[in-house]
Amino acid sequence: MDRRNAIKNLFAFIPLGAAFAGITALGLRFITPNKRDIQRRIFTLHLPELPINATRKFKDLRGKDLILVRTGEHEVKAMSTVCTHLGCTVYWEKDRQEFYCPCHAGRFDKDGNVIAGPPPSPLETYKVEIQDDNVFIYFKDQEG
Ligand code: FES
């Protein structure tokens, strides 16, 4: 192989090498993501501020709407207000102790489970912790 052919062959492999490096970098990003999921514990309110059966709306760390419902003396539920059918907003019905979606009459129990209508899955729930009448919600977040 003369010098001219050697240089020609070298240039022929450069795009192949660049493509390989790009694919490898992309693959490594999925294998070793630089962000990791964590849970953040956020104070929301004092329990006496939320009478039994009352609701309070919040936004999670990503700006999604969620609703807090006091379902008992020491029981508070936190759910996404986004219906799992087509994304309409669900409302808390005090008398029935259920979440109702007016779009297609979807119904969810106080734990967010589907009890009627077309929603294919439960409402997204958030872990709630009550400590000394302080209500905390655990939000999923990413660190890194
Ligand atoms: S969007 Fe809620 S039931 Fe269809």
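**Exercises: finding your way around a sheet**

In this predicted model, six strands form an open sheet in the order β1-β10-β9-β4-β3-β2, and the pairing is antiparallel. Let's work through it.

**Exercise 1.** Work out which strands are the edge strands, and what the twist averages from one strand to the next.

*Solution.* Start with the order: β1 stands at one end of it and β2 at the other. Each of these two, β1 (36-46) and β2 (55-59), pairs on one side only, and that's what you'd look for in an edge strand. As for the twist, going from one strand to the next gives an average of 30 degrees.

**Exercise 2.** Take strand β9 (residues 125-131) and describe how it pairs with β4 and with β10.

*Solution.* First, look towards β4 (residues 75-80): two bridges join it to β9, and the two strands run antiparallel. Thr125 in β9 is the bridge partner of Met79. Next, turn to β10 (residues 134-143), which pairs with β9 over five bridges, again in the antiparallel sense. Here you'll find Val128 opposite Ile137 of β10.

**Exercise 3.** Find which residue takes a positive phi in the hairpin of β9 and β10.

*Solution.* Go to the link between the strands, where the hairpin has two residues. The one you want is Asp132, with a positive phi near 50 degrees.

How values were computed. Residues numbered from 1 in each chain as written. Predicted model: local features only at pLDDT ≥ 70, side-chain atom pairs only at ≥ 80, totals over all residues. Pairing = 2+ DSSP bridges. Helix = DSSP H or I, 4+ residues; strand = E, 2+ residues; numbered from the N terminus. Axes fitted to C-alpha atoms, helices over the stretch in contact; angles between N-to-C directions.
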